[in-house]
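Please consult the sequence and the structure shown below while reading.

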Amino acid sequence: MVHLPYRIGFGYDVHRLESGYPLWLGGIKIDHELGLEGHSDADVLLHTLCDALLGAAALGDIGVHFPPTDMKYKGIDSKILLREVCRLIHEAGYRIGNLDATIAAEAPKLNPHIPQMRACIAEVCGIDLSQISVKATTTERLGFTGRREGMSCYAVALILPLEP
C-alpha cells in the first residue's frame with residue numbers, strides 16, 4: 001500500500017426521522033419526540049464519520065463492512081462500528097489527523113449536545129478532543145430536512161501514516 005503523507009476522505013449519510021425510535025447522534029442519546037430510523041441505531045453522525053475514514057483509506061464504505069442485510073448489525077450501537085473502522089484504519093497503516101462534521105437538522109437544537117458528542121467520538125476513536133469538530137446547521141426549512149422528515153450529515157477525515 002502506498003503511504004502518502006496524508007489522505008482525505010468524505011462521508012455523507014441520511015436517515016429518516018420517525019416516532020418510536022430513540023435519537024442517537026454522535027454516540028449519545030438525545031431526548032426528542034422523533035428518532036432516526038435505520039438498520040443499526042441510525043446514528044447519522046457516526047455513520048458519516050465511518051464513511052469519511054474508510055474513504056480516506058480507500059477501504060470502501062460502511063455498507064461494505066457492515067451490510068444492512070446482515071442481521072448481526074440490526075440495532076447495533078454505531079460506536080461499535082466506528083471503533084471497528086478506527087481499527088481498520090490503523091491496520092491499513094494510518095492514524096486519524098482530524099475529523100470535521102456538519103449535521104443538518106431543523107430540530108432539536110444540537111449545539112448544547114456537541115461537547116458531549118465530541119467527547120464520545122474522541123473516546124471511541126482514541127484521539128484528542130482537539131482533533132474533532134462537530135457543527136450543526138438547519139436547511140432553512142427547505143427539502144426533506146427542512147420538513148423534519150430526516151437528518152443528514154457531511155464529514156471529512158484527514159488520516160496520516162502511522163509514525164514509525
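## Basis of the report

The model is a predicted one, in which local features need pLDDT of at least 70 and side-chain atom pairs count only at pLDDT 80 or more, while totals for chains, interfaces and linings use all residues. Residues are numbered from 1 along each chain as its sequence is written, and side-chain values use heavy atoms, with hydrogens and water left out.

## Helix 3

Helices (H or I, at least four residues) and strands (E, at least two) are DSSP runs numbered from the N terminus. Helix 3 covers residues 78-91, and its 14 residues should span 20 Å at 1.5 Å a residue; the expected span is 1.5 Å times one less than the number of residues. The end C-alpha atoms are 20 Å apart, which agrees.

Which residues of helix 3 are buried? They are S78, K79, L81, L82, V85, C86, L88 and I89. Here buried means under 20% relative accessible area, exposed means over 50%, and partly exposed lies in between (1.4 Å probe, protein chains only). The buried residues of helix 3 pack against several elements, including helix 1 (44-56), helix 4 (114-125) and strand 5 (94-104). Contact requires heavy atoms within 4.5 Å.

At the start of helix 3, a side-chain oxygen of D77 comes to within 2.8 Å of the backbone nitrogen of K79. Just after the helix, G93 has a positive phi of about 100 degrees.

## Salt bridges

Side chains of opposite charge can pair when their charged atoms come close. A salt bridge is counted when a side-chain nitrogen of Lys or Arg is within 4 Å of a carboxyl oxygen of Asp or Glu, and by this rule there are seven salt bridges. One of them joins K79 and D77, at 3.0 Å from N to O. K79 is buried, at 17% relative accessible area, whereas D77 is partly exposed, at 27%.

R87 and E91 form another salt bridge, with their closest N and O atoms 2.7 Å apart. These two residues are four places apart in helix 3, so about one helical turn separates them. R87 is partly exposed at 40%, and E91 is exposed at 58%.

D100 and K135 also meet in a salt bridge, at 2.4 Å from N to O. This pair links distant parts of the chain, since D100 is in strand 5 and K135 is in strand 6 (residues 132-137), 35 residues apart.

## A histidine in strand 1

Is H15 buried or exposed? H15, which lies in strand 1, is buried, with a relative accessible area of 12%. Its side chain makes a polar contact with the side chain of H47 at 3.2 Å. A polar contact is a pair of N or O atoms within 3.5 Å; within protein, one must be able to donate a hydrogen and the other to accept it, and residues adjacent in sequence count only if both atoms are side-chain atoms.

Residues up to four places away in sequence being left out, H15 touches L36, E37, G38, A42, V44, H47, G150 and M151.

## A nonpolar surface patch

Y6, I8, F10, Y12, V14, Y154 and V156 form a nonpolar patch on the surface, with about 690 Å² of accessible area together. Strand 1 (7-18) and strand 7 (150-161) each give two or more residues to the patch. Strand 1 gives the most, with four residues, while Y6 lies in the segment before strand 1.

Patches are made of residues with over 30% relative accessible area and no salt bridge, like charges being joined within 9 Å and nonpolar side chains (Val, Leu, Ile, Met, Phe, Trp, Tyr) within 5 Å. Accessible areas come from the Shrake-Rupley method with a 1.4 Å probe, and for residues only the protein chains shown count as cover.
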